[in-house]
Amino acid sequence: MKRLLMGNEAIALGAIKAGVRVVCGYPGTPSTEVLETVAKNNDGSIYVEWSVNEKTAMEVAAGSAYSGARTMVTMKQVGLNVASDPLMSLAYIGVKGGMVLVVADDPGPLSSQTEQDTRHFAKFSNLPVLDPSTPEEAFAMIQAAFALSEKVGLPVILRPTTRVCHACASIDVDDNREEHIPSGFEKDSRWVIFPQLSYKRHIEIERLQTILAQTFSESPFNRVSGKGSLGIAGSGIAWAYAQDVIRDLGLSVKTFKVGTPHPFPEKLAESFLDGLEAVLVLEELDPVIEEALLEIAGKKGLKITISGKKDGTTPYAGEYSYELVRKAISEFAGLSDAEVPQPAIPSLPARPPVLCAGCPHRASFYAVKKAMKGRKAVFTGDIGCYTLGNAKPLNMVDTCLCMGASISVAQGIKRVEPDTRLFAFIGDSTFFHTGIPGVINAVYNQTDIVVVVLDNSTTAMTGHQPHPGTGRTMMGNVSEKIDIAGLLKSVGVKWVRRINPFDQKTAISAVKEASEVKGVSAIIFEAPCIALIKKPEALGVDSGKCRACGLCIREIGCPSMYLTENGKVQIEPSTCYACGLCGSICPFGAIGGMNHEN
Amino acid sequence: MKIDILIAGVGGQGQVLASRLIGAAAILEGYTVRTGETIGMSQRGGSVVSHVRIGGESLAATVPFGQADLLIGFELCEAVRNLRRLSRNGRLIVNTQRINPVTVSLGMERYDAEAMIETVKQAVQSPILLDGYSLAREAGSVKAVNVVLLGTAVGAGFLPLSRESFLQAIRDILPQKLHDLNFAAFDKGYELGGRAVEDKAAQIK
């Protein structure tokens, strides 16, 4: 029977069907559910781990693939930047067991710091990449990717985008599963990268590109259909929109669906271009297919107009939509498409994401803000829920660059502004991911910064994954918790305090003390993410005591609080976690337990 | 059957579960389904939309502007925000619950509920406006507002899938301890949806 599967679930179940033995990754939207689904469906024959970062994940998986196991590594697009060091060398070394890198791109971006295109990373590293348009296709591609990887002895990249990862489709999954017993690690000079070997392998990789380009012309993931003098080429979700638009407009055009953007299926592309006068290319992010078609047209001396990003027909930035694709295709086909009449809508308040009600980060930020009031201070931030601390009214994130950068960027600012106090905010999972080298750098180079670890005992932003500080693994084991305070002390941080951020008095005085320390000091704010605790009874406002000053809302911006018509504050009981931060701010003692409820 | 549905609300209101329940119920009745979700940053109290497409040949999950057959607004402002995707002949169910964005609480923006309700009433024929929050509380938990609204859609005949399929979907997807609560929530909405349509019919006579 068909099941409703999310793209990421389909990828996971496809990998299990293909006989994957080792799965590693680091959480990152929109890729996270792939590894989680493997773990959920693990019969015990698959080793699954959340690695501390993507580089580590790639290297663990490489070792398993050297030993003949089918392996999968999962991450979001920016994770591949972290893993790019092993990736580039691994492309030279190659693998024995099939190895698939699932790297999810995020056009928009919806939850990312860049709109980078992993298809270019595939070109850069000379690795084959498959680009699904639907969850069904992702399910088929992941299985084909393992076989392909073993055939060519190279890792293969599967690059779904958010709209494929987080879309669900009805998919038939049977219980058939390929069996691949790892042959084990065999000692061989091929596993040791040396300049001489790199040179030889470089020749071989380039030879493979040509062969793969030919093989891919026969691949079922690349298709030419239809006829006429106009052609539409595309990939990913843009291709899905194009199919819908072509059908809705009743167009008769020649189409080229590209499922393997690299190596580019050149021969098939030639048959597509044959007889065409004009081509429209529809692909999100970089013009990968467009450039490949331009190159072929140039080489063959074809007189074809190729439209896409380079001539300004379609945008580079942002995600595509049905409407955007419909407009582009209508104009390309010379149709005047009537605009859909839009209903008149009153002006609506924006609703950006915010820190949850009861989130301990709000209390941590607030304590630092209070302690540094009137002093010159810069607050560097990092990647996680707590990036939302930049919003009003907290305004506590002055920089955010990439995973782990809070600690190192703070040091650079301190070097230029010695009189400014520098606070680096970093979450527990991010600290383990890439925060530690920055701390060592600050200690070694004697830089005065305060490291603030926001320890909520989970990887919250991506949906609560365990990490080395939680003592739980994806194999269901209990492991030794890695103690952040002990780790900081062991690398030479002399002043380390562990503090409950909801104890504002202690927190504020600790922050003041930390800011006076010579060298690196560290505060670990410890309080669990609200998703990890049972929701307590909500707090209430005593409307007799509330003087409608609005201070509580203005200071902390808790989403559970709202103003009533008379200017007094109310608390929504279904979302309040009774953290009490508002109560500590109220000058009139109007906020308390449920007995206070008006 | 081909029907495109939108669920619009505020992150945390259970849109993903609602779209999964519709999908599961549709599959039980032999239809193909596509859904698309907002997951990630926008879940933290931001605007969230789920797209559910039952039947049809479309490869993309996102419902284009003006093409949704049914819009279920879990929150007033979010319902209005997504009206542009609703077909002029579409059906509309709106939970009149107001959730203030922090920008409004801070006085940076205005939440004009009256104008929004007026817009909703004008948008299509016979929209159903209801206090889903109170119905969910009566059923046992305000968290079940999502299932109340699904019940309303089915009870009103706006979502042509059977009550039995939804109850089965609840059994299949949710842990047992939540079954009774969600059955009750579904039926609260189901009855209201049925009544709303009957009342309308009576008015027309």
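Two strands pair if DSSP finds at least two bridges between them, and strands here are DSSP E runs of at least two residues, while helices are H or I runs of at least four, both numbered from the N terminus. You are looking at a predicted model, where local features need pLDDT of at least 70, side-chain atom pairs count only at pLDDT 80 or more, and totals for chains, interfaces and linings use all residues. Residues count from 1 along each chain as its sequence is written, and chains are lettered from A and ligands numbered from 1 in the order in which they are written.

Click A:Gly427 and you will find its bridge partner, A:Leu454, in β16(A).

Next, show residues 520-526, strand β18 of chain A, which pairs with β16(A) in the parallel sense over seven bridges. Here A:Leu454 has A:Phe525 as its bridge partner.

Is β16(A) mostly covered or uncovered? Mostly covered: seven of its seven residues are buried, that is, 20 or more other C-beta atoms (placed from the backbone) lie within 10 Å of their own.

**Second stop: the six-strand sheet**

Move to the open sheet with parallel pairing and the order β3-β2-β4-β5-β7-β6 in chain A. β3 (47-50) and β6 (129-130) of chain A stand at the edges with a single partner strand each, so one side of each has no neighbour in the sheet.

How values were computed: A residue is buried if 20 or more other C-beta atoms lie within 10 Å of its own, exposed if 12 or fewer, and partly exposed in between; C-beta atoms are placed from the backbone.
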